[in-house]
Amino acid sequence: MRIYALAVYLFLYIPIGIIALFSFNSGRAASQFTGFSVQWYGKALSNRFVVEAFQTSFAVALASAALATVFGTMAALALQSVKGRVRVAFDALIYIAVMVPGIVIGIATLIALVTVFDWLNPLLAAIWPVAEATPQLSLGYGSLIAAHGLFTMALVIIIVRARVAGMDRSLIEASADLGATPFGTFRQVTLPQIAPAILAGFLLAFTFSFDDFIIAFFVAGSKTTLPIYIFSSIRRGVTPEVNAIGTMVLTISLCLLITAQAILQGGRKPTKN
Amino acid sequence: MKSEPSLHQAPIAELRNASKHFGDVIAADALNLTIKRGEFLSFLGPSGCGKTTALRMLAGFEAPTKGDVLLDGNAVNDLPAHRRPVNMVFQHYALFPHLTVAENIGYGLRQRRPRMPTSEIATAVERALDTVRLPGYGPRRIWEMSGGQQQRVALARAIVNEPKLLLLDEPLAALDKKLRRDMQIELQTLQRSLGITFVLVTHDQEEALSMSDRICILRGGRIVQVGSPRDLYDRPKNRYVADFVGKSNFFAGTVQQASKDGCSLTVDGGHVISGQSTQDLSRGQKCSASLRPEQIRLTRKPDGGVSYPVQIVTRIFLGEHTEYLVRHADLGDFLVLVPRQAEATEGGFEPGDAAIATWANGSALILADD
């Protein structure tokens, strides 16, 4: 059993390790390690397209994670008071949203957005006062943020809801009993209690959006996110530069995930007592 | 001593025909109860008897389905919990884990509008900490406190607001026995010194008996009997109350004769037990004769009263008393509590010994089930 487990882990992690290793290769070859160097990191970071793609990815991840966190938290709190069949339906929908393959979400979002744009653009053109300056709705930042935000909202809901459900109901009653208004209770008791889950949800949402290729590929329009850039440059062959970018993305993602996990773990401690 | 409420003063709280239904379940059924100013009242009953529902209606967490809840003479059915001058000590304390001890205690005062000056809050919190004998514990974190200390913090958090009613939901259930005893005394002392009306919910009859001025016994959502601990102990309304309050031996039988002066019951084996009743009984009714273990004496030779030859089954040494489980051929097993002094003169009994169980004729209580 142990041998199999080891084999599985090796199979999973050796390619990642090799990417990280070859990102420090001084030579160009993708199969021969000729010496240690950080030149490819320098190359990657001075590449205008890489930096632009990084900025796009970062902005999209930040905006979509923020949206997902705000609405996901609201939904998680609201779902707490929903009971019975409606609750089951909502639960199912949320889990489906997480489990549906990215490619389905990508295509579905693309079709939905394009249809809406086709319908809205003539309408906008008709009502806009200045004909030359009519805004054209098209794929880009907005569609990326919307698609990522919707998908990651499901993640945030799941994480925050687990925390809300684990929260002692009597804390809320105690707060009300001590004279706090419903909003006062939310601000002084509920929010501090679920804050770790909200933060962890935000970080996970950010990581997901930052890493996502499939959904972004469909809805990015003319924008290029970092994963899309990597994909397109790989078609010209794997270079150590791509390895360096991949390693950077990996490092950022891992840091965020570990932070999120640490927050979720640490946040539980005080309630244990 | 507490002053009796004057006649023109409305009672501090009142339940008038208050019912609470949860779907088909009737958690509280037309409760009528007046809570007097400054008293220590307990709701006593097994789980599911409606005692917690009654408390939650007073706190404002549940609105009565029918009837009224009054505070200071005003109906407060629709007044939400956060606007009632009532505070509660929760069963598992419900202390805010993200706040310090002092922040927990000051929570209620910080909600007041217009705002209370921070310095005044700090002073009040210090005073409350002194009251519950936790001076200097203010900066601590909740999880650094032991169970007993958390209990005191929960108490301080409630009394610092000087509520009209302090509601306690099984506050001592989570403490160990020794600590529970100490806290019982402390709660009682605190209640006397603060003059706040306490309403306690408990399933522990000993707790209710030792602390309360009055006890309200509930069963299946209805009030069975309200009275002082002594009333309930000496004059239980029915078998249920006698069984719940203190220990009692019950001998089932049929009423043979019932009148104002007393009644008698024919039990198994044709024996007749006579006594008093708190209810109107009729001849032929199925009833039980109740005898407290301490009403029965154990002797080696018959000496006055009614006596039954018994055999000792078990013996439990309780310090001040020894509790014997004895067996009579017709009456079955019953408990006898022998004070240490009586044992000294009569000598102890060992399991298997023969003895005579004696009680004063007419001292039993004849009680119907309801």
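Modeller: Start with a pair of helices in chain A. H3(A) passes H6(A) in a right-handed crossing. Bear in mind that this is a predicted model.

Biologist: Which classes of residue make up the contact of H3(A) with H6(A)?

Modeller: The contact of H3(A) with H6(A) divides into 18 nonpolar, 8 polar and 1 charged residues.

Biologist: Why are H6(A) and H8(A) called roughly antiparallel?

Modeller: The axes of helix H6 (residues 141-166) of chain A and H8(A) cross at roughly 155°. The label applies over 145 degrees. The angle is over that cut-off, so H6(A) and H8(A) are roughly antiparallel to each other. The axes come within 9 Å. H6(A) passes H8(A) in a right-handed crossing.

Biologist: Which residues make the contact of H6(A) with H8(A)?

Modeller: On H6(A), they include A:His148, A:Thr152, A:Leu155 and A:Arg163. On H8(A), A:Ile194, A:Gly201, A:Leu204 and A:Phe208 are among them. By class, this contact has 13 nonpolar, 4 polar and 1 charged residues.

Biologist: What is the relation of H7(A) to H8(A), and how do you know?

Modeller: Helix H7 (residues 169-177) of chain A packs on helix H8 (residues 182-211) of chain A at about 160°. The cut-off is again 145 degrees. The angle lies over it, so H7(A) and H8(A) are roughly antiparallel to each other. Their axes are 10 Å apart. The crossing of H7(A) and H8(A) is right-handed.

Biologist: Which residues of H7(A) meet H8(A)?

Modeller: A:Leu171, A:Ile172, A:Ser175 and A:Ala176 do. Facing them in H8(A) are A:Thr185, A:Gln188, A:Val189, A:Thr190 and A:Gln193. By class, the contact of H7(A) with H8(A) has 4 nonpolar, 5 polar and no charged residues.

Biologist: Now chain B. What makes E6 and E10 the edges of their sheet?

Modeller: First, the sheet itself. In chain B, 6 strands form an open sheet in the order E6-E7-E8-E3-E9-E10, with mixed pairing. Strand E6 (86-89) and strand E10 (222-227) each have a single partner strand, so one side of each is left without a neighbour in the sheet. Neighbouring strands of this sheet are turned by 20° against each other on average, direction ignored.

Biologist: How do you know that E3 and E9 of chain B pair?

Modeller: Pairing takes at least two bridges. E3 (residues 40-44) and E9 (residues 214-219) of chain B are joined by 4 bridges, so they pair. The two strands run parallel. B:Leu44 stands opposite B:Ile217 in E9(B).

Biologist: How many residues does each chain give to the contact of chain B with chain A?

Modeller: Chain B gives 19 residues and chain A gives 18. The elements of chain B with two or more residues there are E6 and helix H2 (101-110). By class, this side of chain B has 11 nonpolar, 7 polar and 1 charged residues.

Biologist: Which domains does the assignment give for chain B?

Modeller: It gives domain 1 (13-234) and domain 2 (247-367). The C-alpha centres of these domains of chain B lie 39 Å apart.

Note on methods. Residues numbered from 1 in each chain as written. Chains lettered and ligands numbered in written order. Predicted model: local features only at pLDDT ≥ 70, side-chain atom pairs only at ≥ 80, totals over all residues. Domains from an automatic or database assignment. Axes fitted to C-alpha atoms, helices over the stretch in contact; angles between N-to-C directions. Parallel < 35°, antiparallel > 145°, perpendicular 65-115°, else oblique. Left-handed = near helix turned anticlockwise from the far one by under 90°. Contact = placed C-beta atoms within 7 Å. Nonpolar A, V, L, I, M, F, W, Y, C, P; charged D, E, K, R; others polar.
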